[in-house]
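Morning, everyone. Please bring up the sequence and the model, and keep both in view while I talk.

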Amino acid sequence: MSTSHATGNTGSNTTISPGGLPSRRNTELAMLVFAVLIPVFAYANVGLAVNGEMPAGMLGYGLGLGLMAGVAHLVVRRFAPYADPLMLPIATLLNGLGLVLIWRLDQSERLALRGEGAAAPNQLMWSALGIALFLAVLVFLKDHRILQRYTYISMVVALVLLILPMFFPAVYGAKIWITIGGMSIQPGEFAKIIIAVFFAGYLMVKRDALALASRRFLGLYLPRGRDLGPILVIWALSVLILVFETDLGTSLLFFGLFVVMLYVATERTSWILFGLTLAVVGAVAVASFEPHVQSRVQDWLDPFHTVRETGDVNQPAAAMWAFGSGGILGAGLGQGHSDLIGFAAKSDYIFATVGEELGLTGVMAILLLYGLLVERGIRTALAARDPFGKLLAVGLSAAFAIQVFVVAGGVMALIPLTGMTMPFMAQGGSSVIANWALVAILLKISDTARRPAPAPAPSPDVEMTQVVRS
Amino acid sequence: MNKPLRRIAIFCGLLMVALMVRSNWIQFAQGDELRNDPKNRRVAIERYGQPRGNIIVDGKAITGSKETEGTDFKYKRTYKNGEMWAPVTGYASQAYGATQLESIYDGILTGDDDRLFFNRTIDMFTGKDQKGGNVVTTLDADVQKAGFEAMGDKKGAAVAINPETGAILGLVSTPSYDPSSFAGNSSKDVKAWSRLQKENNEDEPMLNRALRQTYPPGSTFKVVTAAAALESGMYDIDEKTDTPDPYRLPQSTTDLGNDGNHPCENASLRVAMQWSCNTVFAKISDELGNEKMIEYSERFGFNQEHFVPVRAVESVYPEDNRPQNAMAGIGQASNRATPLQMAMVAAAVANDGKMMEPYMMDQLVAPSLNVVEEHKPRELGEVASAENAQKLQQMMETVVEKGTGTPAQIDGVTVGGKTGTAQHGENNEKNPYAWFISYAKTSDGSTPIAVAVVIESADVLRDDIAGSKLAAPVAKAMMEAALDGRR
């Protein structure tokens with residue numbers, strides 16, 4: 001996969017030069033047809049497997065998904081005609097499949113006995129809201145560079161969003177929720193986008209200082225003490241989130257995001273080494289006294305230790321069995337027993353249902369879709385003409401990639417499990433809405449990047465872009 | 001800025017590759033292991049997902065399957081006349097797993113056995129549910145029923161074997177249990193199971209006394225001692241033995257006497273067997289010595305486990321000192337035997353000294369009715385020469401004709417037998433075990449059945465407990481059932 005991208009990237013240099021690029025809107029439309037049809041067939045498949053008949057909501061679901069995708073396509077055609085043609089179909093497909101998987105788990109008697117009601121109708125509503133936000137971003141965000149103006153406001157908003165959950169009671173051991181009037185919001189999902197905006201704006205201004213003023217030590221360029229300030233602040237914040245909200249995932253996500261963006265902005269490898277060292281030190285230090293994190297680490301090292309010691313089947317063990325039982329081709333939609341995972345089967349553990357019912361084949365396909373979406377995002381960063389756009393695009397893409405890695409890796413026991421949602425697929429309104437907004441911003445950046453004759457922007461960045469262009 | 005961007009692209013690609021490698025590892029490399037992990041509930045769900053194959057006796061199924069409600073285990077096992085057949089079938093419970101035939105042939109019964117691969121493949125392509133095969137047993141429903149009913153409320157076991165083939169015809173153990181009562185997975189099943197456990201039920205209904213319990217064999221062991229005597233060449237059937245009455249045990253000051261007032265002094269083997277003279281057989285055992293006695297008992301199958309194919313525990317004839325070895329010759333010392341073992345003794349004698357391997361699985365049949373596996377009778381060895389075996393038969397027939405075993409007589413049929421009454425408990429204060437082993441021979445010279453019966457304790461006066469009164473009628477009922485089936 002990486003090789004194909006390396007070659008692809010070499011070719012992508014040409015996309016930077018302005019010229020008559022095809023808009024690829026018809027490609028997008030054709031892909032969207034598949035992105036709608038595949039989940040509709042999957043939906044029929046579940047209905048036939050579980051109840052032996054075509055599901056009653058088939059027509060409504062198909063029309064609904066088709067309509068949302070159609071409207072999204074038309075708006076992209078109108079407001080971002082040169083946008084990347086693959087992102088919208090991939091997001092639609094992932095969201096559509098997620099809805100099918102959630103509906104499939106709604107059919108489970110086991111989960112119903114646990115008192116879990118139907119989640120698919122709500123999720124459909126959240127998806128619609130997500131697409132509405134997607135459309136709003138496309139329509140009202142004339143140019144992504146406008147976001148640059150809100151650099152420091154973004155910082156404040158992001159900090160507030162991150163700190164807010166501390167004042168709300170923990171839900172299932174993690175303080176990542178705020179509850180307002182019976183509605184739960186996961187602010188971390190939105191903070192992810194907003195903080196990327198802040199980092200992009202901040203680093204665009206500071207990158208020269210960070211990159212050039214450094215001391216050579218043991219063959220490495222080390223940053224000056226005062227330039228270390230921001231990274232230490234972010235690191236401290238991540239550790240604080242980890243300690244007070246016991247949220248390993250969000251902490252990892254923000255720190256990873258910052259290191260990636262810092263590296264891109266400064267081109268200094270030393271930042272990565274620095275970041276990794278700090279991350280390891282922070283993680284080990286917290287793990288040494290935080291029992292919540294310790295038990296996660298133990299489950300990661302040996303997912304079956306609880307089963308062996310007490311005979312109770314816990315989620316990590318149940319998830320491993322779900323993946324293993326799926327094998328290469330999977331049990332078939334509606335025919336697995338991933339509902340044995342019980343709690344969070346529809347949210348954090350949704351990927352285990354992919355593993356069991358669609359098998360290794362399905363898991364690989366879904367991972368490829370995520371990978372493709374991420375690489376399209378980074379390609380957008382490569383093609384972008386302004387450093388802010390580059391930084392924002394790579395930040396959002398990397399955040400997305402890290403999130404997928406953290407969730408899927410946690411569920412598959414590749415890394416310790418953290419409570420995060422699989423973008424677009426997992427049950428949860430905040431996640432699906434935020435990720436649609438994320439894709440909308442990426443589309444907007446790619447539209448600007450691929451637009452044939454760039455309008456002479458009044459932005460002061462143009463000159464900088466000239467300097468930076470490699 | 002593009003160089004670090006490309007590196008980030010590669011880094012993100014590597015994250016995805018790491019996930020893909022991991023999913024290959026857990027779904028492909030470790031897939032089978034995780035899928036078949038016995039603690040993985042899917043294993044049990046699949047196992048109970050379709051009706052189980054049946055265990056067959058006389059062409060009729062003694063087991064069944066029925067759909068359950070309110071659990072993800074769709075089918076559970078049922079048993080017809082479960083108490084009577086439990087020692088044969090064992091159990092297959094959703095909550096407690098399977099034992100005996102249910103466990104040994106689990107693969108055939110669920111359809112998972114490799115030999116049923118072709119059937120499974122066909123079912124898969126024709127869209128049918130997987131089906132299990134059947135286990136056809138050698139048991140005879142009439143013999144089993146006769147034995148089970150004759151045992152009644154008494155605690156004990158009875159084993160019937162066809163001496164010519166080794167086929168097990170009856171396998172009774174009482175008190176028994178109904179494996180249907182805990183075949184499911186509900187709280188009711190848990191309660192039923194708990195009531196049957198040793199700690200809650202002193203009768204130990206789940207103990208398979210026919211195969212898994214050893215008893216002091218008492219006087220029935222005299223048949224083995226007599227076989228050893230004849231085979232050693234030092235004795236003959238009608239030759240007088242030089243035996244005092246009472247007989248003082250070697251290296252001891254204890255005198256061994258005989259029950260009742262019978263001509264045991266210097267009695268020949270035939271007479272000694274007829275009246276079950278302790279003195280004669282204890283002296284023979286002593287004269288042959290511990291080593292020889294072990295050798296001859298092992299010919300009958302002592303000191304080893306037998307698999308029929310359900311495991312039967314080892315019957316023992318251990319190394320011991322002289323007085324104990326002398327007592328072992330009358331089955332009253334450290335030697336112990338399962339009912340199966342004593343049935344094998346009777347069967348080997350009846351079959352002119354040739355011991356057939358006991359078995360109760362006749363055929364394994366695929367759902368398509370193809371025979372997957374079939375048992376062929378196999379000779380385990382010769383316990384005695386044909387000539388000596390016939391002398392043993394004469395002795396045992398004398399016992400039934402005019403000795404201690406007269407209650408086992410059957411009109412028009414030659415019956416050979418041996419009674420036994422084994423003392424047990426400290427100072428023999430507990431009710432003794434009543435034994436009877438026998439065989440029946442029809443006029444055409446064939447021997448369709450050999451039986452061993454043991455009754456642990458019945459609430460009767462101890463004088464009255466001799467094997468002939470309690471155990472012989474059970475053996476007789478089983479032999480008659482087998483003979484009736486032949487006519």
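Where is B:Pro309 found? B:Pro309 sits in the loop between strand 12 (306–307) and strand 13 (311–312) of chain B. The peptide bond from B:Val308 to B:Pro309 is cis, with omega near 0 degrees.

Some housekeeping. This is a predicted model: local features need pLDDT of at least 70, side-chain atom pairs count only at pLDDT 80 or more, and totals for chains, interfaces and linings use all residues. Residues are numbered from 1 along each chain as its sequence is written, while chains are lettered from A and ligands numbered from 1 in the order in which they are written.

Back to cis bonds. Another one runs from B:Thr174 to B:Pro175, with omega near -10 degrees. B:Pro175 is in the loop between strand 9 (168–174) and helix 9 (187–196) of chain B.

Now for phi. B:Glu204 has a phi near 45 degrees, a positive value in a residue other than glycine. Its loop links helix 9 and helix 10 (209–212) of chain B. Is B:Glu204 buried, partly exposed or exposed? B:Glu204 counts as partly exposed, because it has 17 C-beta neighbours inside 10 Å. The cut-offs: buried is 20 or more other C-beta atoms within 10 Å of the residue's own, exposed is 12 or fewer, and partly exposed is in between, with C-beta atoms placed from the backbone.

B:Leu369 also has a positive phi, about 75 degrees, and is not a glycine. B:Leu369 lies in the loop between strand 15 and strand 16 of chain B. With 8 C-beta neighbours inside 10 Å, B:Leu369 counts as exposed. Why point these out? Most residues other than glycine have a negative phi, and most peptide bonds are trans.

Chain B has 17 helices and 20 strands. Its C-alpha trace spans about 115 × 50 × 40 Å along the principal axes. Of its 487 residues, 53% are buried.

Next, the sheets. Strands pair if DSSP finds at least two bridges between them. One open sheet of chain B has five strands in the order 2-1-7-15-16, with mixed pairing. Its edge strands are strand 2 (60–61) and strand 16 (371–374), each pairing on one side only. Strand 15 (residues 361–365) and strand 16 of chain B pair antiparallel over three bridges. There, B:Gln363 has B:Glu374 in strand 16 as its bridge partner.

Another open sheet of chain B has five strands in the order 9-8-20-19-18, and its pairing is antiparallel. Strand 9 and strand 18 (414–422) are the edges. Strand 8 (residues 155–161) and strand 20 (residues 449–457) of chain B are joined by seven bridges. Look for B:Ile161, which stands opposite B:Ala450 in strand 20 of chain B. Helix 8 (residues 141–151) of chain B packs on this sheet and touches strand 8 and strand 9.

Finally, the two chains together. Two residues are in contact if their C-beta atoms, placed from the backbone, lie within 7 Å. The contact takes 34 residues from chain B and 45 residues from chain A. Which helix of chain B gives the most to its side? Helix 1 of chain B does, with 23 residues. By class, the chain B side has 18 nonpolar, eight polar and eight charged residues. Nonpolar means Ala, Val, Leu, Ile, Met, Phe, Trp, Tyr, Cys and Pro; charged means Asp, Glu, Lys and Arg; the others, Gly among them, are polar.

Helix 1 of chain B packs with helix 16 (residues 387–411) of chain A at about 15 degrees, their axes 10 Å apart. Axes are lines fitted to C-alpha atoms, for helices over the stretch in contact, and angles run from 0 to 180 degrees between N-to-C directions. The two helices are therefore roughly parallel. That label covers angles under 35 degrees; over 145 is roughly antiparallel, 65 to 115 roughly perpendicular, and the rest oblique. Residues meeting here include A:Val394 and A:Phe405 from helix 16 of chain A, and B:Leu5 and B:Arg22 from helix 1 of chain B. The residues of this helix contact divide into ten nonpolar, two polar and two charged.

Notes. Helix = DSSP H or I, 4+ residues; strand = E, 2+ residues; numbered from the N terminus.
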